[in-house]
Structure formats: structure tokens, C-alpha cells
Amino acid sequence: MPRPPWSGAISFGLVTIPVKLMSATEDRSVRFHQVHTEDLGRVRVRKFCEAEDREVSAGEIGKGFEVSKDTLVAVTDEELERMPLPTAKAIEIVAFVPAASIDPVRLSGDSYFLQFDGQVAAKPYVLIARVLARNTKVAVAKLAWHGRERLVLLRERDGALVAHVLKWDDEVRDPSELAPKEVTVTDSEIDEALQLVDSMTTDDISGYRDEYRKALEAVLEAKAEGRQPPKPSTEAKEPGGQVVDLMAALQESVRKAQAARGEDAGDAEVHEMPKKTATARKTARKTPARKTATKTAAAKKPARRQRGA
């Protein structure tokens, strides 16, 4: 396991549990260096002092807060560590809430395992882990770390405690303006979409892999060996921009999902919606007689059976 980035204690009422934070995830992304395209020389970022116009080392760099345009206040790490916060060295549990009440958008993406620190911490650690495992609630706690106080969610996983860093309320934007307005969705379309959800439901997502990273590694391996990179698959299709019949698209999606699971599914087709051209609309306005004829023809046409009936 990597070196713990933080150590302290969980404060649970009058119970104190010494713990260490251990990163729960690792970044497996392929990293690139910045290079000069002419000769592949490394391009590096150097830090210069504006007052002295010279490069400075990491040991000479500190923190400064801009009070006004021309005024900076120096702040040291020691001053930040000495701030009178009860959460400076403690994960203080402030409440227990239903797990379903936590909006996933508040999860920052930073997750940590909590390792008990010393044998004296083992029993209270196991106690709180089993309490969380036996109900649908999670613990919400506060933690001062990396120059700020953070809100964290504590839950149990395989007997261990896991901490997920949460966003504060004022850090989450209001998405209400992004939702479409005045859109009608029929009950039949909702039922068909629910059937698609059921046909795609699984209890295990461990089989999914990062195909982009796999393809990128193949390209890099080929270039390192002086070979031509693999050619893109001819089966890949660009997503189309055409408007389709929503119900037919849902039915076809259900059929394909059932076929992928080996279930018997009937044939279905997705039909492109007819598009009205500007020319046709202008012609209809100029010739009323044709409009009347069109209405008459439409009246004689038998009623179309509703899809999905």
C-alpha cells in the first residue's frame, strides 16, 4: 500500500478511533511529456520570481494571499496547521443519513480507505464498520485537510471503512436551466424505456475495460518498435444526426439487448422520421387547392395502428 497522506482519528461521540487515510484508487491513464516537435527535446515549466527575474527552487516557494491588487499576505504551512479547528487531526462524524439521500454529483472522485492505527483501534473500528454494514445509512463527517475543511462520506466495504470526499452545497451548480421545457413523453414510450432498462440490468460491472487505453498502448508499442500503428476498425460508425422514430428506436434497442443476452426477440426496425422541407411548406401556402387535396387524401387513408400496442 502507498504511504498514508493523512493520519488522525475518527471522532464518533465519545469514541476515538486512530486511523490512517490510504488512497483507494490509482490513476492508470497514459501520461505524455511535452516535447519540442522539431527534435523531441523535453519542454519544461520553470518557475521565475517576478521581483528578481530569476528561477527559484521549490524550497523558496511559499503561499501568498492577494488582499488587494498590489498587496499580498504571506501564509506559512505552520500557520495553517495551527488553525483552531476541531477537525485538524480528526474525522468528526456529525450525522448519519440514508445512503440514497446523497446526490452522486456531490462525490468529488477522491476516495480513501481508512486503516486502523494500532491494536487499540481495532475493536471500535470493527464496531462502526459493522454498524454501517447492517443498515442503509452512511456517516457524514468533517475533515480539515490540504488547506481547507472538507465534508466526507464514510461507508463500509468488505469490512473496511471507506471515505469519499463530498462537495459542499455551494460548490454544486443548479442544473434546472439545462432541463428541456414543454416536452411530451407518452406512457408507452416510458414503458418501452423501462423494458430497455430491465434488459440492460446487471449486478456486475467488473468485466468492463478501458478500451481507449488499450488502443493507445497498442499505438505507442507499435511506434516504439518502428511499426505502423494499427488501423482503425471499419466496423466503427459515427453517431448519426438523423431524427428517428423514438418508439421504434426503443423497441429495436430492447431487441438488441435481449439478443445480446441470448433471449429470443422479435424483429424490429427503426424508421427515420420524415422531414418537412422549406420548399414544400412554401408551395403549400401558395396553392390552397393542393392543401385541400392533401387533406382529402389524408381522410381516406386508413388510421395507422399505434406502435407498441
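Strand β2 and strand β8 (residues 107-116) run antiparallel and are joined by five bridges, with Val-19 partnered by Phe-116 in β8. Strands here count as paired if DSSP finds at least two bridges between them. The model is predicted, so to speak for its local features a pLDDT of at least 70 is needed, side-chain atom pairs count only at pLDDT 80 or more, and totals for chains, interfaces and linings use all residues. Residues are numbered from 1 along each chain as its sequence is written, and side-chain values use heavy atoms, with hydrogens and water left out.

**The whole protein**

- The secondary structure comes to seven helices and 11 strands; these are DSSP runs numbered from the N terminus, with helices being H or I of at least four residues and strands E of at least two.
- Of the 309 residues, 18% count as buried, where buried is under 20% relative accessible area, exposed is over 50% and partly exposed lies in between (1.4 Å probe, protein chains only).
- Take the contacts between residues at least 6 apart in sequence: 61% of them join residues at least 24 apart. A contact means heavy atoms within 4.5 Å.

**The barrel**

- Seven strands form a closed barrel with mixed pairing, in the order β1-β2-β8-β11-β10-β9-β7.
- From one strand to the next, the twist averages 40°. The axes behind that angle are lines fitted to C-alpha atoms (for helices, over the stretch in contact), and angles run from 0 to 180 degrees between N-to-C directions.
- As a reminder, strands of a sheet pair through backbone hydrogen bonds, either parallel or antiparallel.

- β1 (residues 6-12) and β2 (residues 15-23) pair in the antiparallel sense over seven bridges, and Phe-12 sits opposite Val-15 in β2.
- The hairpin of β1 and β2 has two residues between the strands, and Gly-13 takes a positive phi near 65° there.
- β8 and β11 are antiparallel too, held by five bridges, with Tyr-112 opposite Ala-163 in β11.
- On to β10 (residues 148-157), which runs antiparallel to β11 with seven bridges between them; here Leu-154 stands opposite Ala-163.
- In the hairpin of β10 and β11, again with two residues between the strands, Asp-158 has a positive phi near 55°.
- β7 (residues 90-98) and β9 (residues 137-145) are joined by six bridges and run antiparallel. Glu-92 faces Lys-142 of β9 across this pair.

**β11 and the cavity**

- Six of the seven residues of β11 are buried, so this strand is largely enclosed by the rest of the structure.
- There is one cavity of 30 Å³ or more. A cavity is a set of points, on a 1 Å grid over the protein atoms alone, where a 1.4 Å probe fits but cannot get out, and lining residues have an atom within 4 Å of a point.
- The largest cavity holds about 30 Å³ of space; grid points are joined across faces, edges and corners, and the volume is the space filled by probe spheres set on the points.
- Its lining is made up of Leu-21, Tyr-112, Leu-143, Trp-145, Val-152, Ala-163, His-164 and Val-165.
- β9 and β11 (160-166) each supply at least two residues of the largest cavity's lining, and β11 gives the most, with three.
- By class, that lining has seven nonpolar residues, one polar and no charged. Nonpolar covers Ala, Val, Leu, Ile, Met, Phe, Trp, Tyr, Cys and Pro, charged covers Asp, Glu, Lys and Arg, and the others, Gly among them, are polar.

Methods:
On a 1 Å grid over the protein atoms alone, a cavity is a set of points where a 1.4 Å probe fits but cannot get out, and a pocket is an open set with protein on both sides within 12 Å along at least five of seven lines; lining residues have an atom within 4 Å of a point.
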